[in-house]
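Thanks for coming. I will go through one structure today and keep it short.

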Amino acid sequence: MTPEWKRILAESIDNPRDIAALSGLDAATLVSVCSRYPLLINPYVLHTAQAGGPPLLKQVIPDPRELDDRAGVADPLAEERDSPVPLLTHRYPDRVLFLVSGRCASICRFCTRKRKIGRMDPISDRAIENGVDYIRGNDRIRDVLLSGGDPLVLEDDRLAWILSMVRSIPHVETIRIGTRVPCFLPQRITPGLVRVLRRFQPLYVNMHFNHPAEITPEAAAACLKLADAGLPLGSQTVLLRGVNDNASILAGLMRALLRIRVKPYYLLQADLTRGTDHFRTRTGTGLEIMKQMRGHISGMAVPAFVMDLPGGGGKVPLLPDYVQSRDPDSLTLRNYRGDLYTYPEPHTGG
Ligand SMILES: *Cc1c(COP(=O)(O)O)cnc(C)c1O
Ligand code: SF4
């Protein structure tokens with residue numbers, strides 16, 4: 001019998017005419033947006049988004065503004081420039097991004113890899129093996145981040161094949177899987193998949209949730225299955241205009257993640273990706289949201305706010321200004337309530 005997750009994926013909508021009524025746009029406009037940037041929405045995502053309203057719908061329903069973006073660039077993080085072999089981006093000394101899957105459970109309109117998502121050639125065994133060979137030949141690589149596309153839409157045995165090759169490399173200490181599947185296709189978290197993942201510990205599952213309405217009973221159950229199997233869970237959130245650019249929504253999301261045993265990791269400033277300019281917020285918006293979270297909710301729930309620098313400079317944290325003034329002998333800081341405190345520096349040396 002076909003597993004439920006495969007039936008859901010097989011029933012995905014990819015024809016823009018099928019969502020014309022829902023989007024409020026005419027079919028011709030939708031067709032022209034989707035001929036440039038493909039559409040994919042599985043029935044679970046559609047159902048969740050219809051229940052969740054505009055913040056969820058905007059993430060997956062095409063928008064004519066995608067074709068009218070003068071700020072964005074195709075590859076804002078220069079992932080191709082820092083790619084020593086196909087499928088790998090090696091930017092930081094000790095870790096690599098390994099794009100092992102060309103598919104996602106649905107397509108996000110704001111995706112950083114919008115230039116190629118939904119139109120990648122199938123990834124060959126040979127390309128995967130070449131990526132593994134690069135990692136094996138470079139003993140500074142301690143951390144391998146599997147991404148895509150989404151690695152968890154691969155079949156169990158293909159994922160096990162990739163994971164076992166990566167795990168067999170002595171200098172690889174940790175493996176991470178970056179996935180939107182617990183959010184977009186929680187039915188995929190089957191006992192069989194969990195058995196595969198547990199074999200390759202330490203393996204961190206880093207997921208992607210943007211709004212508290214995405215944490216349905218199904219998504220919560222999927223996360224608890226992964227947590228019960230002993231897999232450490234993290235989540236990243238993209239800050240998106242009109243979706244989650246609000247402190248009470250994001251604080252609610254972060255607290256909801258902790259309840260399902262997922263540690264918020266990053267809040268990402270939206271990248272400068274062509275076709276996504278209408279989703280970007282001003283940096284001050286994210287800083288203000290961080291200020292309203294830090295100190296007010298459990299520190300466990302507070303992610304780091306980071307920007308992935310345009311041009312491939314890597315991720316840099318952005319912090320609200322807590323330091324009011326600094327001199328050689330002391331530091332004056334503002335706490336979460338806005339009160340000032342002074343910390344005297346130790347007298348060292350001369
Ligand atoms: C985000 C990213 C990583 C992982 O960064 P961490 O800060 O370690 O989570 C690694 N490589 C690339 C190219 C990335 O974009
Ligand atoms: S699931 Fe991730 S990789 Fe896939 S479209 Fe969404 S943001 Fe992009």
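Proline 202 lies in the loop between α9 (191-198) and β5 (203-208); helices (H or I, at least four residues) and strands (E, at least two) are DSSP runs, numbered from the N terminus. The peptide bond from glutamine 201 to proline 202 is cis, with omega near -5°.

Before I go on, the ground rules. This is a predicted model, where local features need pLDDT of at least 70 and side-chain atom pairs count only at pLDDT 80 or more, while totals for chains, interfaces and linings use all residues. Residues are numbered from 1 along each chain as its sequence is written, chains are lettered from A and ligands numbered from 1 in the order in which they are written, and side-chain values use heavy atoms, leaving out hydrogens and water.

Glycine 149 is in the loop between β3 (143-147) and α7 (156-167).

Next, phi. Most residues other than glycine have a negative phi, and most peptide bonds are trans. Alanine 78, not a glycine, has a positive phi of about 50°. Alanine 78 is buried (under 20% relative accessible area; exposed is over 50%, partly exposed in between, with a 1.4 Å probe and protein chains only), at 12%. Arginine 261 also has a positive phi, about 70°, but is partly exposed at 42%.

How many disulfides does the structure hold? It holds 0, a disulfide being a pair of cysteine sulfur atoms within 2.5 Å. The sulfur of cysteine 223 is 8.9 Å from the closest cysteine sulfur, in cysteine 183, so it is too far for a bond.
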